[in-house]
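Me: Please guide me through the structure shown below, one topic at a time.

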Amino acid sequence: MAISSSSRRNGLFRTKSVEQSIRDTDEPDSKLRKDLTAWDLTVFGVAVVVGAGIFTLTARTAGNVAGPSVSLAFVFAAIACGLTALCYAEFASTVPVAGSAYTYSYATFGELAAWIIGWDLILEFALAVSVVAKGWSQYLGQVMGTGAAVVDLGPVTFDWGAVTLIAVLGVLLAVGTKLSSRVSAIAVAIKLGVIAVVLVVGATYFDKSNLSPYIPPSEAGEGGHGIHQSLFSFLTGAGNSNFGWYGLLAAASLVFFAFIGFDVVATTAEETKDPQRNVPRGIIGSLLIVTVLYVAVSLVLTGMVSYTELSGNDATLATAFALHGADWAKNIISIGALAGLTTVVMVMYLGQTRVLFAMARDGLLPRRLAHTGAKGTPVRLTAIVGVGCALLAGFVDFGTLEEMVNIGTLFAFVLVSLGVLVLRRTRPDLPRGFRVPLVPFIPILGVLSCLWLMLNLSVETWLRFLVWMVIGLVIYFAYSRRNSQLGKAALAE
């Protein structure tokens, strides 16, 4: 049933026009500086996507799930991710406003859906910053030779390494986005240098016989039980298997998460010069670069040693080098991981503040949080996010909570892909700096691929996600709906 104009403005489905979203970016008290170029956005994209996963996830997936075909799994995952990236690129070029999927949902599905996706992104980014900062701390402990950068404070363990990283990056982000981009570029150069060393040296140990069979025969695998099994297994009763074609598809689901983060580029649209051109270039360019890197590393890795020697949960790129007597590679890889994780935390931290900034400017969170300082950055929000994430990273042991990052991201991807179809129908007149080709097929394929990946997440993760959404709905009806700027404007008419 079609929604009337009045119900759109006064009900749960009231939408915020693209024109109004763009006008709000000129408010003097909440105005972000436009400092970023297509190059800066590409650096941010590579910075957030290429983390420690390239040094660990590749080896474990090859050894336990896919064998040499892990390189093809990365291609499949990149295609699935690319479908969504095209949708993000169109939205970012049409609505060059902070907030990413939250802002896009407000313009297409209405305020309630926007709040839900914003609340979802808060969970995604906060957990990502905290979890990755703890990973950074572990690598710091390895480099220092202490095992971990933590200290025991009576009954609790304090991760001072993770807290220090978040504090330093918070200062950088508060000072200015352009400075953050420069620091990120340096860290990206370091980790790309380490990856180059890995590829060049690893190629000297390459033996093509290790790539055969490229897709190993299927084997029965051990899956979780009860709420610890995937939702797909829970619903269908299907067993788990490793290797073979099913293992290859399962591996694509696993390595897809190595690409998570490119969407953060879209949150910086409001701070970008010529966003209609530069944001799509940044999103698509960074995705192409990281796909080439992932495929190259996975091919070299599985060519260095037999995939059977990478089985277990402790296998990394360093394992393959150690098998050839090159133990020195462990320290080099640890340095690359430190640089990689630094940039992941920085860009996720940036994404968190920009989503909260957009929600506060719309009144769904306290408006005073959207104030920008002399540097044109939301200093107050940056500090609040930093304190919150530091407390989580410093004192909380996350365990399986990490999967919450994945489900939150995929949910956002689904709404953005659907949103392209909605906005094409409701506002065909809008100028679009980039247009998704082959509509509606590409957005629909993007939705289906994301839903498939969500089905591969555990029932436990789904239940936690639903609880978080319920909490968000309580806050929306208790505070956000009454304080919405769009709602107040409708009542004033």
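Reply: A contact means heavy atoms within 4.5 Å. This is a predicted model, in which local features need pLDDT of at least 70, side-chain atom pairs count only at pLDDT 80 or more, and totals for chains, interfaces and linings use all residues. Residues are numbered from 1 along each chain as its sequence is written, and side-chain values use heavy atoms, with hydrogens and water left out.

Me: Which residues does Tyr102 touch, not counting residues up to four places away in sequence?
Reply: Residues up to four places away in sequence are set aside here. The remaining contacts of Tyr102 are Ala114, Trp115, Ile117, Gly118, Leu121, Ala358, Met359, Asp362 and Leu364.

Me: How many residues does the largest nonpolar core have?
Reply: A nonpolar core is a set of buried Ala, Val, Leu, Ile, Met, Phe, Trp, Tyr and Cys residues joined through side-chain atoms within 4.5 Å. Buried means under 20% relative accessible area, exposed over 50%, and partly exposed in between (1.4 Å probe, protein chains only). Tyr88, Tyr102, Phe256, Phe259 and Met348 have the most contacts inside the largest core, whose residues number 154.

Me: Which element supplies the largest share of the nonpolar patch?
Reply: Met144, Val151, Leu153, Val156, Trp160, Val387, Leu391 and Phe395 make a nonpolar patch of about 690 Å², by the Shrake-Rupley method with a 1.4 Å probe, where for residues only the protein chains shown count as cover. Helices (H or I, at least four residues) and strands (E, at least two) are DSSP runs numbered from the N terminus, and β1 (151-153) and α15 (379-395) each supply at least two patch residues. The largest share, three residues, comes from α15.

Me: What is the omega of the peptide bond from Val439 to Pro440?
Reply: Pro440 is found in the loop between α16 (403-426) and α17 (441-455). The bond from Val439 to Pro440 is cis, with omega near 15°.

Me: Is Leu438 buried or exposed?
Reply: Leu438 also belongs to the loop between α16 and α17, and its phi is positive, about 55°, although it is not a glycine. With a relative accessible area of 61%, Leu438 is exposed.

Note on methods
Patch = residues over 30% accessible without salt bridge, like charges linked within 9 Å, V, L, I, M, F, W, Y side chains within 5 Å. Salt bridge = Lys/Arg side-chain N within 4 Å of Asp/Glu carboxyl O.
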